[in-house]
Structures are given as structure tokens and as C-alpha cells.
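Me: I have a model open here and would like to talk it through with you, chain by chain and then across the contact.

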Amino acid sequence: MPVASCASHGTVVMTAVPPDLGALYLRYGDAMHKVAASVLREAGRAAEAGDAVSDAIVSIMASPPKGKVRNWEAFLVTAAKRKALDRVRSAYVRHAGPEFVESAHDRGDGTDIAEDVAADLDQRQRAALAWDCLAILDERHRRAVQETVALERPRSEVAAELGVSPARVSQMTKPALALLREEMNRREGGNDE
Amino acid sequence: MMNEEDRDRLLAELIEKPQEREHILRHAEISDRERDEIATLLDTADLLWLSAHGAPALEDDPVAAMLGLVPDRECQLDSAALSRARKRARLTVSDVAGRLRKRGWEFETGDVFRWETRTAADVPPALVQTIADVLGTPVDELISASPSLSAPDHVVAARRHPLFEQLVDRWARVQHVSPAVAAATLESRMLATVHRGEKPDPEQLLRSLDALIASVERASQE
């Protein structure tokens, strides 16, 4: 008999039979992608985030956890993070040789990854807030910052669409980010009535 | 010292080249106050970037496809069959919803009721499999196949290839799912690859599926 239960805050707490991986992915897949993308971004390989998540899921499909998993979100996010770090590590090996890797990516094998999960969750919540705050910008500033910063489109392309120079897009980005930050601070300060 | 234009350019460069930030900032001639201001703006920029780098839409996500999370017309839950199987299992719609929640799915009684009385077209193959498990009914007795919407030619060709059936059997075995669910899952996986903009030929699609299945089989045996 399946005996998993869902806590009110969304964490699936297990007592015996694990929940379906598909159901877990629907709930935590977004977090897995974000964490993998963040790790890979540092090596200029954010586009491989989907592959890292796929590696993690295949690995879990093939070797499901044997013991109880008390926090599936932490488990899945950590799995995605490890696979992303594997990719960063192998990229460094290809470019710089194995001796470089050890010093640059100690945390790939460290136990501190699990401890980072809470910090990752905080980052994702703040990221969602940043996205919500885009609504306070006027259309042109929102597009400038959304396209160039969030979606990483070339400034020249965005500039052409907005009918301005690339330099003007850079000028628009700064006050837009400053306004976003101000709004985030206001909301995080509990003043969002 | 930098003027306003230089600072705008610096910020744009730091946003565009996140992996080079340390190097760029080390050589930037800016005051401590400007450095703090840039750090704050970059933090905000990074949060925005993060917000846009979550999971792709289900139909474009090969991982979701691999997990059987993309609804498939050839493995569609049949409303009347669900209702019959549920009654045969002597469960209420509320019981079914409760058992699905215990398996991690976020559904309420109203969802199960809707599948039985209106439409179940949005129920993906993985959930069909779980419903079958919960009701103790073979998947084949719960589904009806509607004609597929037009798929790209190379996906159709791969689906018709004799090797595809072998792959379906292997995936069904290693994943402990029915052949219908396995076939729908593998087809979705091929479609998601195509949606990502790749244009593999049928043989490449099948080789890619073979590699995926082999990796799960290999790890399962270890």
C-alpha cells in the first residue's frame, strides 16, 4: 500500500512507498532546472541545464533511493546540482586538465551541496519576486531588461526591436534594475499592501 | 574614473559575461560605492535571469516526455472505462484522488470526477499508469486511442520502424509500465527532441531512444 503523505508546505514526506517520479518532477522540475542552470552558468554552459536534469532523472530512475527520503525537493535539487557540477568538471578537464579541477570545484564532491538547498530555495523565491516586480516597469524598460537580462538576447537585436541604439538599451537597463531592486526591497520588507 | 556611459557599458558587459565578472571587476576603475551599487544591480539581474531559466513547457521538455508527463492521444484515459474500473474496484472518486495524492500527484476529488464526466484528455500516460495501478486494472482497459495529431514525418517513420516496438518492450520492462504507456512516452520523447529545434532522422531518433533505455537498463543491473 502506498503510504507517502503530502505536507502542507509542499514537501512530500515518505513513510514507505516512494511517490511517482513523474509527480515529483511536476512539482520540483522547475527548481531542478534553475539550480542546474545556475551551476552551469558559471562555466558558460547554462544551455546544458536540461541535459543535467535529464542525467539526474535517468540516474534516479535506474537507481531509486533505497532508504527513506524525507525531503524530495532537496533530494531532486541536489541530484540535479551534482549532475550540473559533473558537467562543469568535465568541461574543465577538457580545457585545463584534471589537476585544475580539484582546486576549482571541491564542492562537487563535498557534503555542503545539501546544505546549499535552503539557500537555493531562497534564491528561487527571490527570483520569482524579481519576475513579479517587472510589472512595475513601463513597457519599454520591461522589454529591455526582460529580453537582455532574463532571456540573454543580444542587445543589438533588442535595440532594433525597440528602435533605439544598443547603447540606449544599456542605459535603460540600469535604472530598470534599480527600480526592480527598490520594489523588491519594499515587498521583502513587508510593505506590499 | 568612469563616466555614466562607461558605467552603463560596464554593467552591460558584466551581465553578458557572468563567468568573467571577477576578472572584469578586478580591472575596473570604480569607487567602492560604485562597486557596491553594481553588485546590487548584478544580484537583481541574476535573480531575473534565474526566474527565466526554469523547466521548459511540458511539450518541449524531453525530461517530462521521458517521464510520461505529456498527454498523448494514443494513450488517452477513457472516461467511461475509468468510471467502470473505479466502481469495480469499489472505490469512490475521493478514494482515487486520495490514493493518487499518496503517490505524489496533486489532484482533488473534483479532478477525478471531471475525468469521469467531462474530459480526461489532459491525463498523461504516467498518470494513466498510476490510475491503473491504484484500480488494479490493466492500462489497456482504461485507455482509448484517438488518431494522433500530425507528427513530423521523421517521428512517424521512427514510430513505424520495427525497432521501435523492441524499444517499447525494453522501456516497459525497465520502467514497469504497460506497453501503451511506454510507447506514448517514447513518442513524446522523440517529439520533444524535435520541438527543441533538432532535426534528427528516424535512425538517429531511435538510436537516441536506445541510448536512453540502455543507460537506465545498465544502471538498474548494477
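The chat below goes through the chains, their contact and a few single residues.

Me: Before we start, what kind of model is this?
Reply: This is a predicted model, and the values below are computed from it.

Me: OK, chain A to begin with. How many helices and strands does chain A have?
Reply: Chain A has eight helices and two strands, and read along the sequence these elements follow the pattern β-β-α-α-α-α-α-α-α-α.

Me: And what share of chain A is buried?
Reply: Of the 193 residues in chain A, 40% are buried. As for contacts in chain A with a separation of 6 or more, 57% of them are accounted for by residues 24 or more positions apart.

Me: Now chain B, please. What is its secondary structure, and in which pattern along the sequence?
Reply: Chain B comes to 12 helices and two strands, arranged along the sequence as α-α-α-α-β-α-α-α-α-β-α-α-α-α.

Me: Let's go to the contact between the chains. How many residues does each chain put in?
Reply: Chain A gives 55 residues to the contact and chain B gives 40 residues.

Me: Which elements of chain A are on that side?
Reply: The elements of chain A that give two or more residues to the side touching chain B are β1 (5–6), α1 (21–41), α2 (49–62), α5 (112–133), α6 (139–150) and α8 (166–188). Of these, α1(A) gives the most, with 13 residues. By class, the side of chain A that touches chain B has 31 nonpolar, 14 polar and 10 charged residues.

Me: I was looking at α6(A) against α3(B). At what angle do the axes cross?
Reply: The axes of α6(A) and α3(B) cross at roughly 75° and come within 9 Å, and the two helices are therefore roughly perpendicular to each other.

Me: Which residues meet there?
Reply: On the α6(A) side they are A:Val145, A:Val149 and A:Ala150, and these meet B:Ala45, B:Leu48, B:Trp49 and B:Ser51 in α3(B). By class, that contact has six nonpolar residues, one polar residue and no charged residues.

Me: Why does B:Ala52 count as partly exposed?
Reply: B:Ala52 counts as partly exposed because 17 C-beta neighbours lie inside 10 Å, and a residue would need 20 or more to be buried, or 12 or fewer to be exposed.

Me: Back inside chain B, how do α1(B) and α3(B) pack?
Reply: Helix α1 (residues 4–16) of chain B packs against helix α3 (residues 32–51) of chain B at an angle of about 40°, their axes being 11 Å apart, which makes α1(B) oblique to α3(B). Their crossing is right-handed. The contact is made by B:Arg7, B:Leu11, B:Leu14 and B:Ile15 of α1(B) with B:Glu34, B:Ile38, B:Leu41, B:Leu42 and B:Ala45 of α3(B). By class, this contact has seven nonpolar, no polar and two charged residues.

Me: Last topic, backbone angles. What is phi of A:Glu152?
Reply: Phi of A:Glu152 is near 60°, a positive value in a residue other than glycine. A:Glu152 lies in the loop between α6 and α7 (155–162) of chain A and, with 16 C-beta neighbours inside 10 Å, counts as partly exposed.

Me: And B:Arg90: what is its phi, and is it buried or exposed?
Reply: B:Arg90 is not a glycine either, yet has a positive phi of about 55°. B:Arg90 is found in the loop between α5 (79–88) and α6 (93–102) of chain B and is exposed, with 7 other C-beta atoms within 10 Å.

Terms used
Residues are numbered from 1 along each chain as its sequence is written. Chains are lettered from A and ligands numbered from 1 in the order in which they are written. This is a predicted model: local features need pLDDT of at least 70, side-chain atom pairs count only at pLDDT 80 or more; totals for chains, interfaces and linings use all residues. Two residues are in contact if their C-beta atoms, placed from the backbone, lie within 7 Å. Helices (H or I, at least four residues) and strands (E, at least two) are DSSP runs, numbered from the N terminus. Ala, Val, Leu, Ile, Met, Phe, Trp, Tyr, Cys and Pro count as nonpolar, Asp, Glu, Lys and Arg as charged, and the others, Gly among them, as polar. Axes are lines fitted to C-alpha atoms, for helices over the stretch in contact, and angles run from 0 to 180 degrees between N-to-C directions. Angles under 35 degrees count as roughly parallel, over 145 as roughly antiparallel, 65 to 115 as roughly perpendicular and the rest as oblique. A crossing is left-handed if the near helix is turned anticlockwise from the far one by less than a right angle, and right-handed if clockwise.
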